[in-house]
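Trainee: I should like to work through this structure by question and answer. May we begin?

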Amino acid sequence: MESAASRSLPIDPYLLTNEQADRLEAAQRTLVARCMNRFGVTYRPPEPVTPFRPGTRTQYRYGVTDPADAARYGFAPPGAPRTPPPPPEPPPSLSAEASMVLTGTDDPKAKPGSGAAKGGQRVGGRTVPAGGCLGEARAALRTDGAEAGGDAPVADRINAGSFEKAKGDPRVAGVLARWADCMKQHGFTAYGDPLQASGDPAWRTPRPSAKEREAATADARCKKEHNVVGVWFTVDAAYQRQEIERNAKELAAVKAELTARQERAGAALGALPPGP
């Protein structure tokens, strides 16, 4: 297997797609603004900063795989930022009272919108909800402790854990050892696995250097030569299936809740009745 981009992992049905996550975040912004309006505060939640997203969840899970792209772009996928982005614009300043309505607290030690932000204050003749308007919106959309646009912790854990388990599995370790020998033949002796190669601090530059492009091309070619992606994907998926079986009951609830969360988001975005 040269690339896993078109392949789905077993945990995928329990994780939000990009579109689903965006819809939930948009719904949360809508609910927050509506809640703030009930308290007489005109508030426009900041637009989210959309990070680089691969075409599929597996497209770059195992690093670069296309020698032609690697020769042009190096280790960073086309369109991905090569250096840390600038800090986001600060949110609009709010009065102390409006901030309390938004977050549910005036305690700087309490996380805004969290369970520690108890709410209960009276503002404009109304009672601030637990967690403020942030907490109210999240409560309307989230489940199992996930933020509105976040995945259920059990699904996140399985997705991340299988990757690391597979990396240490003897079957994957074997092809990675052959990959490392192949890289040495191309003149790159410092890397024990593709993550070390792509994570080299030398590549943190605005543009890919000739050396980076050469290393990335060798990486992609050595992966192809030794079927690194095919073996890694197969073992990764096998570990996920084991964990899905162990957590079947919890994951069944997660899958059902994914549908329910999208229905709540749809209500917030298109069919929400006027506020009291």
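Trainee: In which helix do Arg246 and Glu243 lie, and by about how many turns are they separated?

Mentor: A word on the basis comes first: this is a predicted model, in which local features need pLDDT of at least 70 and side-chain atom pairs count only at pLDDT 80 or more, while totals for chains, interfaces and linings use all residues. Residues are numbered from 1 along each chain as its sequence is written, and side-chain values use heavy atoms, with hydrogens and water left out. Helices (H or I, at least four residues) and strands (E, at least two) are DSSP runs, numbered from the N terminus. Arg246 and Glu243 are three residues apart in helix α9 (residues 228-246), so the separation is about one helical turn.

Trainee: How far apart are the closest N and O atoms of Arg246 and Glu243?

Mentor: The pair forms a salt bridge, which is defined as a side-chain nitrogen of Lys or Arg within 4 Å of a carboxyl oxygen of Asp or Glu. The closest N and O atoms of Arg246 and Glu243 are 2.4 Å apart.

Trainee: Is Glu243 buried or exposed?

Mentor: Buried means under 20% relative accessible area, exposed over 50%, and partly exposed in between (1.4 Å probe, protein chains only). Arg246 has a relative accessible area of 57% and is therefore exposed. Glu243 has 14%, so Glu243 is buried.

Trainee: Why does the salt bridge between Arg53 and Asp22 tie together separate parts of the chain?

Mentor: The side chains of Arg53 and Asp22 meet with an N to O distance of 2.7 Å. Arg53 lies in the loop between α1 (18-38) and α2 (67-73), whereas Asp22 lies in helix α1, so the parts tied together are 31 residues apart in sequence.

Trainee: Are Arg53 and Asp22 buried, exposed or partly exposed?

Mentor: Arg53 has a relative accessible area of 30%. Asp22 has a value of 33%. Both residues are partly exposed.

Trainee: Which helix holds both Asp219 and Lys223?

Mentor: Their side chains form a salt bridge with an N to O distance of 2.9 Å. Asp219 is buried at a relative accessible area of 1%, and Lys223 is buried at 1%. The two lie four residues apart, about one turn, in helix α8 (residues 210-225).

Trainee: Against which helices do the buried residues of α8 pack?

Mentor: The buried residues of α8 include Glu212, Ala215, Cys222 and Lys223. Packing is judged by contact, which means heavy atoms within 4.5 Å. The helices packed against are α2, α6, α7 and α9.

Trainee: How far apart are the end C-alpha atoms of helix α5?

Mentor: The expected span of a helix is 1.5 Å times one less than its number of residues. Helix α5 (residues 153-168) has 16 residues, so it should span 22 Å, and the distance in the model agrees, at 23 Å.

Trainee: Against which helices do the buried residues of α5 pack?

Mentor: Among the buried residues of α5 are Val154, Ile158 and Phe163. The buried residues of α5 pack against α6 (170-185), α7 (194-198), α9 and α10 (248-270).

Trainee: With which residues is Ile244 in contact, leaving aside neighbours within four places in sequence?

Mentor: Ile244 is found in helix α9, and it counts as buried at 15% relative accessibility. Ile244 and Ile11 are 233 residues apart in sequence, yet their C-alpha atoms are 7.4 Å apart. The contacts of Ile244 are Pro10, Ile11, Tyr14, Ile158 and Leu251.

Trainee: What distance separates the C-alpha atoms of Ser6 and Thr56?

Mentor: Ser6 is placed in the segment before α1 and is exposed, with a relative accessible area of 69%. Ser6 and Thr56 are 50 residues apart along the chain, and their C-alpha atoms are separated by 7.3 Å.

Trainee: How many helices and strands does the chain contain?

Mentor: From the N terminus on, the elements run α-α-α-β-β-α-α-α-α-α-α-α. The chain contains ten helices and two strands.
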